[in-house]
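Please read this briefing alongside the sequence and the coordinates. It is arranged by topic.

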Amino acid sequence: MLGCGNSKLSEDMWDDGYHNIVNIDYSPVVIEQMRRRNNEQRPQMEWHEMDIRDLQFPDASFDIAIDKATMDAMLTYKGDPWNPPENVVEDCMKEVDEVVRVLRPGGTFIYLTFGQPHFRKRYLAQRPGTTLEVCELGDTWNYYLYILRKQE
């Protein structure tokens with residue numbers, strides 16, 4: 001779970017039977033809180049303080065990576081959403097570069113966001129050795145599921 005924060009998503013996934021979950025966040029305070037919160041019920045769940053733009057895992061380490069609003073947090077800035085500052089673009093590109101690097105061949109990056117394709121596809125599309133699928137979800141308030149697959 002990329003940028004896990006204090007979300008219950010990893011906990012809910014664990015409780016649903018997914019028991020090989022690694023969580024990262026740049027905040028040491030959040031990571032320690034989450035370790036304590038999950039220590040008894042989910043002692044094997046991993047928690048690491050880490051920068052999403054510099055993942056400290058070997059190449060081809062994971063089958064799936066999930067981002068639920070981490071890129072969104074990096075994209076919070078004042079200004080024109082059509083022309084984000086270069087450092088914001090670089091940060092988002094680094095996240096995706098790092099995720100693709102740590103995915104195994106056939107692995108999948110799942111990004112869930114309210115960010116519309118004309119604002120998000122630029123960071124995900126046209127990456128060598130990957131395919132991108134975008135699913136629009138919801139009836140009134142749409143959100144988007146970006147599925148980036150690393151080819152085998």
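Predicted model: local features only at pLDDT ≥ 70, side-chain atom pairs only at ≥ 80, totals over all residues.

Residues are numbered from 1 along each chain as its sequence is written, and side-chain values use heavy atoms, with hydrogens and water left out.

**Sheet**

- Four strands make an open sheet in the order 3-4-6-5, with mixed pairing; helices (H or I, at least four residues) and strands (E, at least two) are DSSP runs, numbered from the N terminus, and two strands pair if DSSP finds at least two bridges between them.
- Strand 3 (62-68) and strand 5 are the edge strands, each pairing on one side only, and the twist averages 15° from one strand to the next.
- Strand 4 (residues 103-113) is antiparallel to strand 6 (residues 143-150), with six bridges between them, and L112 stands opposite L145 in strand 6.
- Strand 5 (residues 130-137) also pairs with strand 6 in the antiparallel sense, over eight bridges; V134 has Y146 of strand 6 as its bridge partner, and T130 stands opposite K150 in strand 6.
- Strand 5 and strand 6 form a hairpin with five residues between them, and G138 in the turn has a positive phi of about 105°.

**Helices 4 and 5**

- Two packed helices are described by the angle between their axes and the distance between the axes.
- The axes of helix 4 (residues 86-102) and helix 5 (residues 117-124) come within 8 Å and cross at roughly 60°; axes are lines fitted to C-alpha atoms, for helices over the stretch in contact, and angles run from 0 to 180 degrees between N-to-C directions.
- Helix 4 and helix 5 are therefore oblique to each other, given that angles under 35 degrees count as roughly parallel, over 145 as roughly antiparallel, 65 to 115 as roughly perpendicular and the rest as oblique.
- On the helix 4 side the contact (heavy atoms within 4.5 Å) involves V89, C92, M93 and V96, which meet R122, Y123 and L124 in helix 5.
- The residues of this contact divide into six nonpolar, no polar and one charged, where Ala, Val, Leu, Ile, Met, Phe, Trp, Tyr, Cys and Pro count as nonpolar, Asp, Glu, Lys and Arg as charged, and the others, Gly among them, as polar.
- Helix 4 lies across strand 3, strand 4, strand 5 and strand 6, running at about 145° to strand 4, whereas helix 5 lies across strand 4, strand 5 and strand 6, running at about 15° to strand 6.

- V89, placed in helix 4, counts as buried at 11% relative accessibility; buried means under 20% relative accessible area, exposed over 50%, and partly exposed in between (1.4 Å probe, protein chains only).
- Not counting residues up to four places away in sequence, V89 touches P84, R122 and Y123.
- R127 lies in the loop between helix 5 and strand 5 and is buried, with a relative accessible area of 12%.
- Leaving aside neighbours within four places in sequence, R127 is in contact with M93, V96, D97 and V100.

**Cysteines**

- With a disulfide defined as a pair of cysteine sulfur atoms within 2.5 Å, the count comes to zero disulfides.
- The closest cysteine sulfur to that of C4 is in C92, 18 Å away, which is too far for a bond, and C4 counts as buried at 6% relative accessibility.
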